[in-house]
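Visitor: I have a new structure to get through today. Can you show it to me and take my questions?

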Amino acid sequence: MAVVVIVTAAFIWLLLPYYGAVLWAVILAILFTPLHRRLLERLGGRHNLAAALSVTVCICIVVVPVTLILASLAQEAAGFYRRISSQELDLAAMLARIRREMPPFVLDTLTMLNLGNLAEIQARLTSFLLQATQTIAGGAVTFGQNTAELFVSLGIMLYLLFFLFRDGTDLTAILHRASPLDKRHTGHILSKFASVVKATIQGNVIIAAMQGGIGGIAFWALGLDGAILWGVLMAVLSLLPAVGAALVWLPAAGYLLLSGDYMRGVILLAIGTLVISTVDNFVRPLLVGRGTRLPDYVVLVSTVGGLSLIGMNGFVIGPLIAALFLAVWSLFIDDQSHS
């Protein structure tokens with residue numbers, strides 16, 4: 001057992017530099033397995049051809065769109081940062097216009113909260129926007145500088161994905177046989193792993209992409225600057241149940257209304273309230289069974305913790321660890337109650 005543990009730990013340590021590629025290969029294999037099975041049936045059981053076609057579909061549906069969105073986001077964030085740093089975007093005039101339109105009781109409330117100083121608010125807002133856009137633009141530069149590493153990770157992911165499609169059934173059977181747990185426990189944990197991956201991606205990422213896409217299109221249609229940047233930010237915030245995309249569209253609608261642009265403000269407020277905020281309630285039950293859903297507070301804490309510790313991959317790994325934690329403890333409690 002000591003040798004097994006040491007060798008396994010060494011192998012995991014060896015994979016750590018490219019754990020993201022391995023993780024996303026497994027996630028895509030789980031998500032696209034139903035499609036792969038249909039292709040396998042139509043191709044008469046030709047595993048290699050079905051796996052190659054499944055990988056091609058993953059490239060067209062996932063890899064290419066994500067790459068294009070990241071490139072557009074980097075370009076827009078760099079332009080936004082340039083406009084703020086060169087003061088082309090006049091935040092002082094914006095804030096002065098908002099202050100003139102504010103009702104007196106709002107101004108009194110801001111003064112009580114020590115937010116009545118226009119210069120201080122401008123300095124804070126400018127600092128925040130500069131830091132946010134600089135972070136995104138800097139990340140894009142780093143992303144571009146690590147092109148070789150990116151292509152290696154992408155190659156590993158697609159190569160591994162091919163074999164997961166082709167040999168997925170055999171690998172699952174090997175995991176069942178190698179597990180030190182009994183068959184019932186192993187089956188339950190593997191089933192929970194697959195269901196949480198589907199719930200996290202289908203229930204969170206697809207809905208977040210829909211909310212961010214609707215918000216970005218609304219910003220673009222209304223002629224607001226940085227539509228892609230704000231759309232991506234709404235998508236990211238949508239991953240957090242207690243926060244949501246309203247942190248972006250609601251202040252934007254408020255700014256338009258306070259600036260006297262009532263038509264665009266009302267339209268954005270209506271889209272945010274009636275469309276963006278209700279997507280989750282209507283779409284999530286169609287994508288994810290309610291039995292696989294984690295409580296919202298668990299999703300929030302595990303997602304924030306995963307993002308803080310691991311980075312962007314944490315929005316999948318965090319809820320996955322939380323779900324496996326709940327699954328293992330539920331098995332333990334069941335066994336204790338039966339014994």
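Guide: What follows is a short chat about this model.

Guide: First, the ground rules. This is a predicted model, where local features need pLDDT of at least 70, side-chain atom pairs count only at pLDDT 80 or more, and totals for chains, interfaces and linings use all residues. Residues are numbered from 1 along each chain as its sequence is written, and side-chain values use heavy atoms, with hydrogens and water left out.

Visitor: How many helices and strands does the protein chain have?

Guide: The protein chain has 14 helices and zero strands. Both are DSSP runs numbered from the N terminus: helices are H or I with at least four residues, strands are E with at least two.

Visitor: What share of the residues is buried?

Guide: Of the 339 residues, 32% count as buried. Buried means under 20% relative accessible area, exposed means over 50%, and partly exposed is in between, using a 1.4 Å probe on protein chains only.

Visitor: And the contacts, what share join residues at least 24 apart?

Guide: It is 70%, among contacts between residues at least 6 apart in sequence. A contact means heavy atoms within 4.5 Å.

Visitor: New topic. What volume does the second largest pocket have?

Guide: Its volume is about 2000 Å³.

Visitor: What counts as a pocket?

Guide: On a 1 Å grid over the protein atoms alone, a pocket is an open set of points where a 1.4 Å probe fits, with protein on both sides within 12 Å along at least five of seven lines; lining residues have an atom within 4 Å of a point. Points are joined across faces, edges and corners, and the volume is the space filled by probe spheres set on them.

Visitor: Which helix gives the most to that lining?

Guide: That is α7, with 15 residues. The helices that each supply at least two residues are α1 (2-15), α2 (19-42), α7 (147-178), α8 (183-221) and α14 (314-338).

Visitor: What classes of residue are in the lining?

Guide: There are 33 nonpolar, 11 polar and five charged residues. Here Ala, Val, Leu, Ile, Met, Phe, Trp, Tyr, Cys and Pro count as nonpolar, Asp, Glu, Lys and Arg as charged, and the others, Gly among them, as polar.

Visitor: Back to Phe193. Where does Phe193 lie?

Guide: Phe193 lies in helix α8. At 25% relative accessibility, Phe193 counts as partly exposed. Leaving aside neighbours within four places in sequence, Phe193 is in contact with Val26, Ile30, Leu320 and Leu324. The C-alpha atoms of Phe193 and Ala323 are separated by 7.8 Å, though these residues are 130 apart along the chain.

Visitor: What about Val196, buried or exposed?

Guide: Val196 is buried, with a relative accessible area of 4%. Val196 is also found in α8. Not counting residues up to four places away, Val196 touches Pro319, Leu320 and Ala323.

Visitor: And what does His185 contact?

Guide: Beyond neighbours within four places in sequence, His185 is in contact with Leu331 and Asp335. His185 lies in α8 and is buried at 13%.

Visitor: What span should α8 have?

Guide: At 1.5 Å a residue, the 39 residues of α8 should span 57 Å, and the end C-alpha atoms are 55 Å apart, which agrees. The expected span is 1.5 Å times one less than the number of residues. Just after α8, Gly223 takes a positive phi of about 75°.

Visitor: Switching to α2. Is Arg37 buried or exposed?

Guide: Arg37 counts as exposed, at 54% relative accessibility. The place of Arg37 is in α2. Arg37 and Phe165 are 128 residues apart in sequence, yet 9.0 Å apart in space, C-alpha to C-alpha.

Visitor: Last one. How many disulfides are there?

Guide: A search of the whole structure finds zero disulfides. A disulfide is a pair of cysteine sulfur atoms within 2.5 Å.
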